[in-house]
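This report goes with a protein model. Please look at the sequence and structure below before reading on.

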Amino acid sequence: MRIAIDHHTRYRFSKPQDRIVQMLRLTPRDTRDQTVVSWMVSVDCDARLREATDGFGNAVTMLYADGPLKSLDVHVTGEVLTTNADGVVHGSAEPLPPLLYLRATPRTAPGEGLPDFAADSVAGAGDRLDALHRLNRALHARFPCAPDAPDNRASAAEAFAAGSATARDVAQMFIAAARGLEIPARYVSGYRSDSVAHSAPHAWAEAHVDGLGWVSFDPVTGLSPDHHYVRVAVGLDAAGASAIAGTRVGHGLEQLDVDLHVEQLGTDA
């Protein structure tokens, strides 16, 4: 499938900023099942852009801009060809061993209720893959309408206890639950084609299964991602795979607006 992405992020500041430094995890990499046909990251001010790779193997763009700046617009456009691999990730950059993804973080703290929920969800599973699919479906049933929304910095435990969640939250719940079952799991940020405007990239999870490698699970749908998805960045949690992260030097308040469109252009290359 050919997928087009138009991702526009706008920062507005109540007072001019002296300097802005951002790490942009906005560029997908080629795997066996996705090929980047074209991709461009642009900004609306004089800035230095430096391409790099982070410790998780993600393509990153470092942005350095000197002020005074009252606004900053980051615009990403591109097209990606994808094929359906039934959720199995093939040919991704893997600089780290799977066991690292058993490491807990504050954002993936399971809290009190989530471990019992996970144990009940996977009861009777025939193997690790079956257990993960059961967990994925159970989270979808509990949070059936989790939207793509800006990061509220909630942990998996906080969102589970609150009873309402975003796509980011349920992905972190899946990760926390899988790690509690001694299964390496990680957060994925990317895009899902549905021809609807969004205010944030999509989020899902991957878990490591012996004999298969990394397998994708999307608790928003209860299914494994297919050729409608574009995989961009991975991390231990949402913070580690965020699309944009950085610092600014200056006083005042910040306003963030995101306009994101992901569209299917067809099934032929």
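## Basis

This is a predicted model, in which local features need pLDDT of at least 70, side-chain atom pairs count only at pLDDT 80 or more, and totals for chains, interfaces and linings use all residues. Residues are numbered from 1 along each chain as its sequence is written, and side-chain values use heavy atoms, with hydrogens and water left out.

## Helices H2 and H4

Helices (H or I, at least four residues) and strands (E, at least two) are DSSP runs, numbered from the N terminus. The axes of H2 (residues 128-142) and H4 (residues 167-180) come within 10 Å and cross at roughly 145 degrees; axes are lines fitted to C-alpha atoms, for helices over the stretch in contact, and angles run from 0 to 180 degrees between N-to-C directions.

On the H2 side, Leu 132, Leu 135, Asn 136 and Leu 139 meet Val 170, Met 173, Phe 174, Ala 177 and Ala 178 of H4. Contact means heavy atoms within 4.5 Å.

## Ile 244

Ile 244 lies in strand E9, residues 244-249. Ile 244 counts as buried because its relative accessibility is 18%; buried means under 20% relative accessible area, exposed over 50%, and partly exposed in between (1.4 Å probe, protein chains only).

Leaving out residues up to four places away in sequence, Ile 244 touches Thr 9, Tyr 11, Gln 22, Met 23, Leu 24 and Leu 26. From Ile 244 to Ile 3 there are 241 residues in sequence and 21 Å in space, C-alpha to C-alpha.
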